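Here's a new structure to find your way around. Take a look at it, and then let's walk through some of its contacts together.

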Amino acid sequence: MASRNVKRRVGLPLVSAAAVGAVVLGMTVIHSESSSDKEPVSAASQPNPIPEKGQAGDGPATWHLPIEAFMPSKAEVRLITSTRDSLIDQCMKRAGYDAWSPAPDLPELGGKSLVDWRYGIHDPALAAARGYKPDADEQAAYDQAIEKGAVDETGADPSVLKGCVQQTDGTVPASQQAPLAQQISSESYKESMKDPTVVGVFAKWSACMAGKGYTYSKPMDANDDVRFSDPHRVSAEEKDTAKADVACREKNHVEKTWFDAEVSLQKTAIKANQKALNEVAAANKSAAAKASSVVK
């Protein structure tokens with residue numbers, strides 16, 4: 001049987017902070033133009049208006065990093081993916097595969113935004129119930145969508161599907177994060193952990209955890225503890241560790257300090273790459289405009 005179309009993922013990558021932190025592209029941020037070389041930003045290339053937030057009283061799920069302005073918004077991704085699915089579906093039906101349909105959207109799992117779980121867990125109630133794991137209902141819905149979308153039972157010819165995808169690519173290109181935006185996001189995360197203020201708050205968090213009987217140097221060491229790696233098992237030990245973790249994070253304002261350091265790094269990288277990022281923003285808007293024109 002042919003494999004189904006690649007599963008759609010709505011919005012920004014929704015992965016754990018451990019996964020985000022592990023992504024290192026191995027490239028150096030490009031510093032190709034001086035401030036005198038910058039081109040004015042046209043209306044067509046204006047980035048998405050992302051308000052920067054990070055007040056201590058707000059949850060990380062409400063915060064936004066500067067680089068998000070140069071990534072497709074959730075609304076743009078939804079528009080593009082739904083339009084592409086509709087076009088591919090129509091093409092497959094014209095080819096004689098009436099029963100074919102795109103794979104289902106993958107439900108949100110874990111963090112609900114780029115920042116939400118970027119620096120680790122922060123919800124005391126969820127930590128008490130699930131340790132470092134996502135909400136149980138979310139996990140079940142995600143697993144069900146994976147199972148439902150794993151196999152195409154219509155017997156569709158893979159070459160026909162490939163042709164329909166290529167045809168759709170020419171009309172509405174797939175929504176993708178530009179490598180430069182991904183690079184800046186990855187490198188700022190990695191470099192932020194070297195910031196003296198962040199190093200200091202990590203030390204305070206570690207001392208707080210030690211006072212509760214836990215030995216970890218950095219917050220993500222607890223998050224990534226191999227003892228808690230089984231996705232289908234949440235032990236009492238994991239729950240207790242996660243509760244202590246969140247309490248020490250809140251006491252020492254770990255997420256806010258870490259976020260502020262990363263915002264500063266990203267602003268510097270964006271300024272150094274403004275021309276290229278303006279082109280990225282324009283490409284994002286162009287893809288959304290093409291999808292919108294098809295819908296109309």
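Start with E76 and K285, which form a salt bridge with their closest N and O atoms 3.4 Å apart. (A salt bridge here is a side-chain nitrogen of Lys or Arg within 4 Å of a carboxyl oxygen of Asp or Glu.) This pair links distant parts of the chain, with E76 in helix 2 and K285 in helix 11 (residues 274–295), 209 residues apart. Helices are DSSP runs of H or I with at least four residues, strands are runs of E with at least two, and both are numbered from the N terminus. E76 has 9% relative accessibility, so it counts as buried, while K285 is partly exposed at 29%. Those words have cut-offs: buried is under 20% relative accessible area, exposed is over 50%, and partly exposed is in between, using a 1.4 Å probe and protein chains only.

Before going further, keep in mind that this is a predicted model: local features need pLDDT of at least 70, side-chain atom pairs count only at pLDDT 80 or more, and totals for chains, interfaces and linings use all residues. Residues are numbered from 1 along each chain as its sequence is written, and side-chain values use heavy atoms, with hydrogens and water left out.

Back to the charges: the structure holds 15 salt bridges. As a rule, an α-helix has 3.6 residues a turn, so residues three or four places apart point the same way. D89 counts as buried at 19% relative accessibility, and K93 is partly exposed at 34%.

Now move along to K112, which makes a salt bridge with E138, the closest N and O atoms being 2.9 Å apart. Here, too, distant parts of the chain are linked: K112 is in the loop between helix 2 and helix 3, E138 is in helix 4 (residues 136–148), and they are 26 residues apart. Both ends are partly exposed, K112 with a relative accessible area of 27% and E138 at 22%.

(For charge, Lys and Arg count as positive and Asp and Glu as negative; His and the chain ends are not counted.) Still, the side chain of D116 reaches the backbone nitrogen of K112 at 2.8 Å. D116 also touches P60, A61, G110, G111 and H122, leaving aside residues up to four places away in sequence; touching means heavy atoms within 4.5 Å.

Rings of Phe, Tyr and Trp (its six-membered ring) pair if their centres lie within 6.5 Å; planes under 30 degrees apart are stacked, over 60 edge-to-face, and the rest tilted. Y119 and W258 make a tilted pair, 4.9 Å centre to centre with 40° between the planes. Since Y119 lies in the loop and W258 in helix 10 (residues 254–272), the pair ties together parts that are 139 residues apart in sequence. Y119 counts as buried, at 0% relative accessibility, and W258 counts as buried at 0% as well.

W258 has another partner, F202, in an edge-to-face pair: 5.0 Å centre to centre, 80° between the planes. F202 sits in helix 7 (residues 196–211), 56 residues from W258 in helix 10. F202 is buried too. Ring pairs join Y119, Y189, F202 and W258 into a cluster.

Y189 is among the buried residues of helix 6, as are L180, A181 and Q183. Ten of the 14 residues of helix 6 are buried, so the helix is largely enclosed by the rest of the structure.

Finish at D225, in the loop between helix 8 (219–223) and helix 9 (236–252). D225 is buried, with a relative accessible area of 12%, and a network of salt bridges links D225, R227 and E237.

Methods: A polar contact is a pair of N or O atoms within 3.5 Å; within protein, one must be able to donate a hydrogen and the other to accept it, and residues adjacent in sequence count only if both atoms are side-chain atoms.
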